Amino acid sequence: MESIVRKFAAMPQRSILALSLILLLAGNWIMPLTDRDETRFAEASREMLQRKDYIVPWFNGQWRFDKPILIYWCQSACYRLLGANNFAARLPSALFTTATALLLVRWGRKIANAETAFIAGAMFITGLHVALIGRVATADMAMVFFFTLVVWSGWELTRPENPRRAMWWGIFYVTLALGFLAKGPVAWLPIGGLILGRVLRKDTFYLPWGATITGVILAVALAACWGIPALEQTRGQYWKVGMGEHVIRRSIAVNDSHGISGWVGFVLPLPLYFVTFLISFLPWTIHKPERIEPWLEKQKEKGPLSNCFAQIVRGLLFILYIPIKIWRWWPGRRGDIVGWYLLAQPLVVFITFSLVKTKLPHYTMPAFPCVALWLALQLRSEENSFGWFQRRLVAMVVIILALMLGFTSVFKNYLLTENLWKAVRPQVRPETKVGCFGYVEPSLVWKFRGIITNIVVLGEEKDARNFLTNTPPFILVLPTADVASLSDTNGLQVLVHGLDMVKFKNWDLTAIMR
């Protein structure tokens, strides 16, 4: 098996391209869009085509200010080629994830060799969180791609001896603009890593102020080519909501219950991302401790208490593989400039989002490409490292394909929105009015708006009575327990049962159709 994997490693670019597309596209046509953000992005991109408004996204007939415009453009382009469906909605994320892995291959090959480049790319795409989020129809992977390109071009830009600094200067600042259009100011965090390098290692980081200020002006001007028309069209609301609520407010306050309020809630979760990373980057964060077996045997001989303590130590060493790697690397950091830079950039990400009050595990994903390349570089000096790598790689490939092609084929039959859609689909026509009350997930909008020309009315259970005054054809959806509160329930009734993925609980819904 190792010889086969080594053959793939000898041609890293083609191998990572094929591996990434296979893993990230597998099953995308099977699993429905269930995540709230997925369906909102997907539907807004479809409405962009319907309205022919390529400046401001709309969702279910209302402006949508969550994230800048780039991901909507990408999804809309895929819809033109493949139609508005689950696969097309997820395709941009899969392509951006693949492109990020290829950046690691190119960079890794330049600073090391083909095998290291292959390991870095493979680690990135098979890490647990990327394997899941890398296919999701949101803006995250577009931002991660541009973030990674900013990090790499920033490295090349600051090399005093680089004869192609002008080219890298252009790539760096154009990418900053595109990164902002992907997911806002988070794409500019690598500037913090460059400033750290300039301050702490000024002899090895060349960053002239004149060229930097000029570049920032260029990046802002490029982003403004979309931003100014968007602000004019929305009378400033895009900035007020998009930046004010979705960026600034999330930084200083807990949003949608993703965090803990108050000073205690600020202090306690500070180490959260350093812990979640150990899970998000599995299986590359775990490694059997080296040369510890003799010590374990001695502790076992001393008695049950010593043996228990030894097993705890063994478990900690097992899951703290990367922190231990960093600790061993630390004394020689002065002689490893690129290694220092690859850790400085993730540090900026982790510190920034540790200080932000709203917490979500995927916020630190921009750090993962740098960590993957850094770890791949460290493995060059470790005995039997390729065997350790290839066993985990093969295991993750099998697990990912089994989940995406096998598990999702069965699991989708238990999803509430999917079961509702199967039941009512024969009755849906373009002129049908649809009202959903009590169960108002965006996945309903994505399903119904694929056929109907009206918006989907979303509201509380008490609003269902008024919806019944509409002239047919219409479909009213509400929790079965609330049907008894309606005075008029004439019409075809369909009862469905399934799992609400957002709240992770089972519901019974009734659809009344006239």
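A polar contact here is a pair of N or O atoms within 3.5 Å, where one must be able to donate a hydrogen and the other to accept it. I keep that cut-off at hand for two side chains below. The model is predicted.

**Entry 1: His-287**

I looked up His-287 first. I find His-287 in the loop between α14 and α15, the latter spanning 293-302. Is His-287 buried or exposed? Its relative accessible area is 10%. Buried means under 20%, so I log His-287 as buried.

Next I asked which side chain makes a polar contact with that of His-287. The partner is Glu-382, at 3.2 Å from side chain to side chain. I then listed the contacts of His-287, leaving aside neighbours within four places in sequence. They are Leu-317, Phe-318, Tyr-321, Glu-382, Trp-388 and Arg-392. Glu-382 therefore turns up in both searches, as polar partner and as contact, with His-287 counted as buried.

**Entry 2: Thr-510**

I moved on to Thr-510. Strand β7, residues 505-513, holds Thr-510. The relative accessibility of Thr-510 is 5%, so I count this residue as buried. The side chain of Thr-510 has a polar contact of 2.9 Å with the side chain of Thr-480.

Which residues touch Thr-510, once neighbours within four places in sequence are set aside? I noted Leu-476, Val-477, Leu-478, Thr-480 and Val-483. Gln-493, Val-494 and Leu-495 complete the list.

**Entry 3: cavities**

How many cavities of 30 Å³ or more does a search of the whole structure find? The search returns two.

The largest cavity holds about 100 Å³ of space. It is lined by 15 residues, and those closest to its centre are Leu-33, Thr-34, Thr-417, Tyr-439 and Ser-443. I checked which elements give two or more residues to this lining: α21 (416-424), α22 (442-448) and β6 (492-500). The largest share is that of α21, with three residues. By class, I get eight nonpolar, three polar and four charged residues in the lining of the largest cavity.

The second largest cavity holds about 30 Å³. α9 gives the most, three residues. Six residues of this lining are nonpolar, one is polar and one is charged.

**Entry 4: an open pocket**

Last, I looked up the second largest pocket. Its volume is about 590 Å³. I count 21 lining residues on record for this pocket. Which of them lie nearest its centre? They are Phe-274, Ile-326, Leu-343, Pro-346 and Leu-347.

Four elements went into my notes, each giving two or more residues to the lining of the second largest pocket. They are α10 (190-200), α14 (272-280), α17 (321-329) and α18 (337-355). Of these, α18 gives the most, with six residues. I also asked how the lining divides by class. The second largest pocket has 18 nonpolar residues, no polar ones and three charged ones in its lining.

Conventions:
Residues numbered from 1 in each chain as written. Predicted model: local features only at pLDDT ≥ 70, side-chain atom pairs only at ≥ 80, totals over all residues. Heavy atoms only, no water. 1 Å grid on protein atoms, 1.4 Å probe; cavity = no way out; pocket = protein on both sides within 12 Å on 5 of 7 lines; lining within 4 Å. Points joined across faces, edges and corners; volume = space filled by probe spheres on them. Nonpolar A, V, L, I, M, F, W, Y, C, P; charged D, E, K, R; others polar. Buried < 20%, exposed > 50% of the residue type's maximum accessible area, 1.4 Å probe, protein only. Contact = heavy atoms within 4.5 Å.
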